[in-house]
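Hi there,

Here is the structure I promised to pass on. Please have a look, and then read my notes below.

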Amino acid sequence: MTYDDLLALARRLNDRPLTTVMGREFTVGIYLDSLVFTPVSGGIGQSDGRKAAERFLERYNATGSLRPGDYADVSRNASYLVGLLMAAGARR
């Protein structure tokens, strides 16, 4: 998966309720070519930028892991990124 694939996925699922592995609901959007995740509980969007998402994808492409803990050192939004992939049908 490329970063452009990830952006296309985010566009397709824009503002739909998604769920993390732990069951927390969030939405995804795009701002200035970066993913923005907004937890339903807090309502404040967060992004750690394109570079962090690219590091996440590099590891995901190498391992295929859908465990957010496997990405904790590359992105603070790992649980949201995994939730986004799961919404697209990615399997463990």
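Strands (E, at least two residues) and helices (H or I, at least four) are DSSP runs, numbered from the N terminus. S2 and S3 form a hairpin with two residues between them, and Leu32 in the turn has a positive phi of about 50°.

Before going further, a word on what you are looking at. This is a predicted model, with residues numbered from 1 along each chain as its sequence is written. Local features need pLDDT of at least 70 and side-chain atom pairs count only at pLDDT 80 or more, while totals for chains, interfaces and linings use all residues; side-chain values use heavy atoms, leaving out hydrogens and water.

Back to the sheet. It is open, built from three strands in the order S1-S2-S3 with antiparallel pairing; two strands pair if DSSP finds at least two bridges between them. S1 and S3 stand at the edges with a single partner strand each, so one side of each has no neighbour in the sheet.

What surrounds H3? Its buried residues (buried is under 20% relative accessible area, with a 1.4 Å probe and protein chains only) pack against H1, S1, S2, S3 and H2. Contact means heavy atoms within 4.5 Å. Seven of the ten residues of H3 are buried, so this helix is largely enclosed by the rest of the structure. The buried ones are Ala78, Tyr80, Leu81, Val82, Gly83, Leu84 and Leu85. After H3 comes Gly89, with a positive phi near 100°.

H1 and H3 pack at an angle of about 75°, their axes 10 Å apart. That makes H1 roughly perpendicular to H3 (65 to 115 degrees). Leu6, Leu9 and Ala10 in H1 meet Leu81, Leu84 and Leu85 in H3. The residues of this contact divide into six nonpolar, no polar and no charged.

Leaving aside neighbours within four places in sequence, Leu84 is in contact with residues including Leu13, Leu18, Phe26 and Val28.

Two loop residues are also worth a click. Thr20 lies between strand S1 (18–19) and S2, and counts as buried at 6% relative accessibility. Beyond four places in sequence, Thr20 is in contact with Phe26, Ser79, Tyr80 and Gly83. Pro68 is found in the loop between H2 and H3. With residues up to four places away not counted, Pro68 touches Val21, Ala78, Ser79 and Val82. The C-alpha atoms of Pro68 and Gly83 are separated by 9.0 Å, with the two residues 15 apart along the chain.

Best wishes

Technical notes
Buried < 20%, exposed > 50% of the residue type's maximum accessible area, 1.4 Å probe, protein only. Axes fitted to C-alpha atoms, helices over the stretch in contact; angles between N-to-C directions. Parallel < 35°, antiparallel > 145°, perpendicular 65-115°, else oblique. Nonpolar A, V, L, I, M, F, W, Y, C, P; charged D, E, K, R; others polar.
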